[in-house]
Amino acid sequence: MAAPTIHVPVLPAEVLQWLDPQPGKILVDGTLGGGGHTRMMAEKVDPEGFVVAVDRDVIPLQRAEETLSGLPVKIAHANFVEIPKILDSLEIDQVDGILLDLGLSSDQLADDGRGFSFDSDGPLDLRFDMRDKKTAADLVNHLKEKDLADLIYQNGEERLSRRIAKKICHIRKDTPFETAKQLADVVTSCYPPVAGSGRGRIHPATRTFQALRIAVNRELSSLETALETLPDRLKPGGRLAIISFHSLEDRPVKQAFLDDPRLSRLTKKPIVATEEEIARNPRSRTAKLRVAERV
């Protein structure tokens with residue numbers, strides 16, 4: 001049995017408001033995570049409807065088999081780009097709503113064996129799906145300096161990407177990178193100290209780890225594919241709700257909801273967490289929810 005979840009779902013009331021789960025509806029949660037959104041939706045569609053819950057990480061699926069037992073939930077171990085294939089296997093043509101929460105879960109951050117946390121002495125892994133072969137350590141230890149710098153800049157929007165890549169490549173000649181803490185310490189050393197305020201609000205390694213995680217898990221290409229294919233699997237009036245946590249995710253979602261003739265944008269501006277929610281769940285601070293409806 002997987003450890004109990006510590007993850008708190010972001011924007012829960014807003015997700016329920018915009019997806020409007022009702023008895024008999026069929027919904028998809030493409031990013032099961034801690035199961036909070038899935039549970040809320042499943043309780044609303046019960047008894048005639050159900051929720052298809054998808055995740056690339058097998059641990060949330062193992063947990064859900066017990067914690068969501070008795071609720072109308074069908075789980076699948078897959079990337080959310082495979083939602084059309086999953087629906088075909090269930091003989092479902094179109095659904096009433098699809099939710100994608102693109103954030104990293106607190107459960108993954110707390111798992112020392114995955115390397116998502118900067119102070120983890122566990123392996124520098126960063127894979128969501130452990131069936132994938134390439135890890136973050138593979139990229140850090142084997143990419144050419146220019147390619148590594150480009151990756152950190154493009155996927156992390158890190159202004160010190162060249163300095164960071166140069167130092168990584170210098171160190172790895174003698175000491176290959178194995179742990180998350182090892183990499184985080186090197187990235188941090190590339191930043192000048194900030195007088196009087198530590199090193200600023202976010203950890204210096206945040207953008208570098210984001211860049212590597214995006215590359216390892218092909219997150220942006222998966223999102224691009226989902227934005228192309230998922231609208232066809234919505235019923236007329238069905239809704240696609242996407243929660244993003246940084247501009248590299250939010251920009252393509254915003255553009256797709258504006259440009260796709262299959263969709264009508266319902267949220268002109270992204271919905272963000274209230275001060276009360278941020279105080280209760282600090283990870284919701286950067287969350288942005290956008291919703292569109294199938295025309």
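I began with the fold and counted 13 helices and seven strands in the chain, taking helices (H or I, at least four residues) and strands (E, at least two) as DSSP runs numbered from the N terminus. The radius of gyration is 20 Å, close to the 19 Å that the globule rule gives for 295 residues, so the chain is as compact as a globular protein of that length; the radius is taken over C-alpha atoms, and the rule is 2.2 Å times the number of residues to the power 0.38.

I noted that this is a predicted model, in which local features need pLDDT of at least 70 and side-chain atom pairs count only at pLDDT 80 or more, while totals for chains, interfaces and linings use all residues. Residues are numbered from 1 along each chain as its sequence is written, and side-chain values use heavy atoms, with hydrogens and water left out.

I then looked up burial (under 20% relative accessible area is buried, over 50% exposed, in between partly exposed, with a 1.4 Å probe and protein chains only), and found that 54% of the 295 residues count as buried.

For L212 I listed the contacts (heavy atoms within 4.5 Å): leaving aside neighbours within four places in sequence, L212 is in contact with L126, A136, L139, V140, L148, L151 and L183.

Which elements do the buried residues of α9 pack against? I found A180, L183, A184, V186, V187 and T188 buried in α9, and the buried residues of this helix pack against α6, α8 and α10.

Last, I followed A205, which lies in the loop between α9 and α10 and is buried, with a relative accessible area of 0%. Not counting residues up to four places away in sequence, A205 touches F118, A184 and V187. I also checked A205 against G238, 33 residues apart along the chain, and their C-alpha atoms are separated by 39 Å.
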